[in-house]
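Work through the exercises below with the model open. Try each task before reading its solution.

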Amino acid sequence: MKHNTEFVKRFMDRVGFPTEAQAEFLRIEDRIDSEPDFAKDMDALVNEFMFPTAENIGKYLDIITNELTKKYGENEYTLHEVFLLNCTEILYNRYIDAGIPENIYWDTMCDLKYKLMECKECEHVWGTFVAGWNEGFFKMTRFALGRFQYEPNIFTHEGGYLTKCGYKIEEGEKIHGFHIPSSGIGLTDEVRLDSYKKAYEFYKDELEGKPLVLCCGSWLLYPKHREFLPPHMNILKFMDDFEIISEGIDESFHNDWRLFGHWTEYPLEQWPEDTSFRRAYKKWLTDGNKAGDGYGVIVFDGEKILR
């Protein structure tokens with residue numbers, strides 16, 4: 001089966017892959033098109049993963065890592081991205097068949113670009129080092145709706161939680177989690193509200209008149225941010241959208257790469273201070289403080305956050 005190289009080309013153009021990255025992936029696509037064994041191996045993985053539904057992505061990534069990289073002499077992270085790219089046309093057709101607006105497909109798939117850029121920054125190659133994260137996109141359980149990405153979840157807070165507005169979220173209740181991709185789009189009031197409204201509209205039928213309950217766990221929600229981040233930062237406004245119901249300390253700051261990229265390979269004193277966010281975080285850490293995270297909830301009625 002000949003590879004879907006033409007769709008991959010259109011896909012990379014549409015989501016904005018850098019020219020250098022496109023050239024690298026098309027080089028491998030050309031290899032696959034011209035080497036029957038390579039095509040057979042890659043097509044088998046794509047078809048087994050995508051049919052009947054996209055499940056157990058780790059199994060196929062392991063095969064790429066342990067077998068295909070050695071067999072064909074290509075980088076693991078680069079081949080992981082090629083694998084995902086060759087699943088995108090099947091997913092596109094499923095969106096169309098399901099009647100989901102095409103713009104949601106393209107917005108959702110932009111995450112492949114975001115992770116591509118993170119991989120280049122942190123690992124110095126074109127590819128993805130978190131390919132397993134994509135299973136939710138290809139299973140069609142996670143969607144980009146405006147600035148954020150949403151997916152069904154279950155509220156696990158012991159005993160449930162009574163919000164300040166009097167809405168009780170029961171333990172075990174179906175809710176929606178959401179994620180903050182590294183798109184570079186600022187978390188302004190307008191951008192955040194637009195995304196919440198898009199999510200409410202997308203899930204409106206299943207809500208049956210109830211508000212949309214959103215939950216998010218992230219290092220961006222660390223309550224101590226209020227102690228050291230500049231007050232004008234949108235991150236603090238984003239935190240204000242939530243009722244933070246739990247928090248934790250991250251002794252090793254596992255998310256440091258999200259803010260400082262490859263600079264985390266160097267001693268702390270060498271980390272850059274070229275943005276107010278980086279300056280504030282570097283000083284906080286240099287002063288002997290720890291990073292952390294928070295978990296919060298939002299109850300949204302379609303127009304506003306219920307407080």
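**Exercise 1.** List the buried residues of helix 4, then find what they pack against.

*Solution.* Start with burial, meaning under 20% relative accessible area with a 1.4 Å probe and protein chains only. In helix 4, Ile-57, Tyr-60, Leu-61, Ile-64, Leu-68, Thr-69 and Tyr-72 are buried. Next, take contacts (heavy atoms within 4.5 Å). These buried residues pack against helix 2 (19–34), helix 3 (36–50), helix 5 (76–85) and helix 8 (135–138). Helices here are DSSP runs of H or I, at least four residues, and strands are runs of E, at least two, numbered from the N terminus.

The model is predicted: local features need pLDDT of at least 70, side-chain atom pairs need 80 or more, and totals for chains, interfaces and linings use all residues. Numbering runs from 1 along each chain as its sequence is written, and side-chain values use heavy atoms, without hydrogens and water.

**Exercise 2.** Where does helix 4 bend, and which residue follows the helix?

*Solution.* Compare axes fitted to the seven residues ending at a position and the seven starting there. Helix 4 (residues 57–72) bends by about 35° at Ile-64. Ile-64 is also among the buried residues of the helix. Then step past the end: Gly-73 follows, with a positive phi near 65°.

**Exercise 3.** Which element gives the largest share of the lining of the largest pocket?

*Solution.* Helix 7 does, with nine residues. Now sort the lining by class: 24 residues are nonpolar, 14 polar and nine charged. Here Ala, Val, Leu, Ile, Met, Phe, Trp, Tyr, Cys and Pro are nonpolar, Asp, Glu, Lys and Arg charged, and the others, including Gly, polar. A pocket is an open set of points on a 1 Å grid over the protein atoms alone where a 1.4 Å probe fits, with protein on both sides within 12 Å along at least five of seven lines; lining residues have an atom within 4 Å of a point.

Notes
Buried < 20%, exposed > 50% of the residue type's maximum accessible area, 1.4 Å probe, protein only.
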